Amino acid sequence: MTIQQNILSAIQQAFRELFQEELALDTLSLAPTRKEFAGTYTFVVFPYLKITKLAPEATATQIGNFLKKNCKDVSDFNVVKGFLNLVLNENTWIDVFTQLYSKGQIGQLPANGQKVMVEYSSPNTNKPLHLGHLRNNFLGYAVAEILKANGYEVIKSNLVNDRGIHICKSMVAYLHFGNGETPTSSGLKGDHLAGKYYVLFDKEYKKQIKELQNQGQSEEDAKKNAPILLEAQDMLRKWEANDPDTVGLWKQMNEWVYAGFDSTYRTMGVDFDKFYYESDTYLLGKDIVEEGLAKGVFYKKENGSVWVDLTEEGLDEKLVLRADGTSVYITQDMGTADLKYNDFKIDKSVYVVGNEQDYHFDVLFKIMRKLGRPYGPGLYHLSYGMVDLPTGKMKSREGTVVDADDLMKEMIATAESHTKELGKIEGFDTEQAKELYEILGLGALKYFLLKVDPKKRMLFNPKESIEFQGNTGPFIQYSHARIASILRKADQIGVDYQQADFSKIDQLAESESSLILVLNDFEKKIKQAGAEFSPAIIAQYLFDLAKEYNRFYADVPIFSENDTDLLAFRVALSSQTAKTIKKGMSLLGIAVPERM
RNA sequence: GGUCCUGUAGCUCAACUGGAUAGAGCAACUGCCUUCUAAGCAGUAGGUUUCAGGUUCGAGUCCUGACAGGAUCACCA
């Protein structure tokens, strides 16, 4: 980072002295040099030809000569058309590395005094989590960790959708077909138990629709009049009226579900600082409707319903309160937005929610900004694409979902068979082996879901199992284990690499300077990932880093090196890479093994 | 139909925010384990960046218009 600034200010000086032009530093930038040319950084001169009044080659050559003479980091240069490729000094590489290596904390930017809430997961309590939730949870957790690394104070929150008609459907079906079944009596996880009755409801509902149609009702009427649906609607009314039996059943089923979720979250390795429950928040927001009316942000129609007009912002008119005075979805979301702010005085609020709700959040944020909320500018919808199967969209009612618990279990089993096939479990006891399989299986899964740009929808083919080679979690984990092995050996034979002095080294292999260059990019990538809310940037970076390390590993020997300074340097370089991989993977919620 | 998102190698994804001959992985093929872990490394092959215009020194990237896929447009959540 500092070398770049160094070179840029030298370029600034070159313009001043050669062309009598004062350029602001932030208008200048360096690009990485393409592999086929010599050099590390490239300065593109095309934009400055008006100033220099020279041909591109001449401009680049003059600046190149100036830098070679006046900038200690630049040892040589070459010019290709308007591209000035700069070759850096060997000493500069060593300096850069020494600076990185002596820095205690890696990948942590200083506190910025800002608080951000990241809401993710936000499950419905009527069915177990599936593959789509995995993407949501891994994304949310990773973004939270990335924001922490950027210096934010982060609150991870989970808004549990624990009430509503869908819950009542599971409850009604349970009353009809449950026979008092419990997680203990059935051996089913609580969330799977609830999900079973949600599916049973749908089955019965469809059956009843058909019967009504056979009796002559239209499909539309039949859908409205099916007795089991009426029961569910009735149950929702009873719940809202606080009917003791209904509330009792609701509490019991939700408790089962929470126990199930807890276990799933533990396996996933995600956690939360704050839980919100819709049963507590669904009545919020009505005071904001009043406030909006008073401020003229909302308006009332003749029938008493309340609306917001967002046509000037390119959206539509949107209902915020029904004519009968009851809430809609967005009413409670307005209330919850305020609640979050009142609870934590957050500067920013990130919602990790699928892109099917893009419009909803667009409306919500515009409303809160119109109302002048202090946190308004900091609202952000991290909208991610759906995970599709080759057969199309997942539908929980139709049983075409990839269950989260099943998938994680399969991944761990696959990791086990892979590992055994490669014969890599000697020296592991049963407990350690089990831990390794979990690290690898979950690492593969998490990396698979996180390496893709969040906003793009992605395809998951259950038949083609997730890879363990190439651009995968296990490849990066493997690189870490390789280094760990080197560090063990270095400790064993007493190499002093902790505070070695590298200043005597004057010759570096190309694979070594390349590796330093990548290591030096870590903070930049953390910033970018934070600014774009994109764990994919970290994933891509870690893959590049691991690849670069493996190239170095194959290219230069470590322990057979005669020069002790160089040997220590290579171990230090390895150590720094391991630390970077470990920290980077932790930002993705992925653990790395010491051996595999 | 209106609005929004996406379209890059057979497949899964990149491309430093407008820079050079568009890069990786998987799959295919060829080498490399008597040396620090071969879940690795090196190489070969694979492209009209969906299409047509435009903006400029320069476009996968920005603008316009098609085409394809998806989402959304309830007094549902």
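Modeller: Gladly, and a definition comes before the sheet: two strands pair if DSSP finds at least two bridges between them, strands (E, at least two residues) and helices (H or I, at least four) being DSSP runs numbered from the N terminus. This is a predicted model, in which local features need pLDDT of at least 70 and side-chain atom pairs count only at pLDDT 80 or more, while totals for chains, interfaces and linings use all residues. Residues are numbered from 1 along each chain as its sequence is written, and chains are lettered from A and ligands numbered from 1 in the order in which they are written.

The part to look at is an open sheet of five strands, paired in parallel in the order 7-6-5-11-12. Its edges are strand 7 (274-277) and strand 12 (379-384); each has a single partner strand, so one side of each has no neighbour in the sheet. On average, neighbouring strands here are turned by 25 degrees against each other, direction ignored (axes are lines fitted to C-alpha atoms, for helices over the stretch in contact, and angles between N-to-C directions run from 0 to 180 degrees).

Now look inside the sheet. Strand 5 (residues 115-119) runs parallel to strand 11 (residues 348-354), with four bridges joining them. Opposite methionine 117 you will find serine 349 of strand 11. Helix 15 (residues 358-370) packs on the sheet by touching strand 11 and strand 12, and its direction makes about 175 degrees with that of strand 12.

What surrounds valine 143? Apart from neighbours within four places in sequence, its contacts are Val118, Val350, Val352, Leu382, Phe533 and Pro535 (a contact has C-beta atoms, placed from the backbone, within 7 Å). Val143 and Val118 have the most contacts inside the largest nonpolar core, a group of 132 residues. Such a core is a set of buried Ala, Val, Leu, Ile, Met, Phe, Trp, Tyr and Cys residues joined through C-beta atoms within 7 Å; buried requires 20 or more other C-beta atoms within 10 Å, exposed 12 or fewer, and partly exposed lies in between. Domain 1 (2-88) and domain 3 (404-587) each supply at least three residues to this core. A second, separate core of 26 residues includes Tyr197 and Trp250.

Stepping back, an automatic or database assignment sets the domain bounds, and it divides chain A into domain 1 (2-88), domain 2 (164-271) and domain 3 (404-587). The C-alpha centres of domain 1 and domain 3 are 35 Å apart. Threonine 42 stands opposite alanine 31, and its bridge partner in strand 4 is asparagine 85.

For the whole of chain A, there are 22 helices and 14 strands, and 40% of the 596 residues count as buried. The C-alpha trace spans about 90 × 65 × 40 Å along its principal axes. Of the contacts between residues at least 6 apart in sequence, 74% join residues at least 24 apart. Aspartate 287, in helix 13 (residues 286-295), counts as exposed because it has 11 C-beta neighbours inside 10 Å.

Conventions. Two residues are in contact if their C-beta atoms, placed from the backbone, lie within 7 Å.
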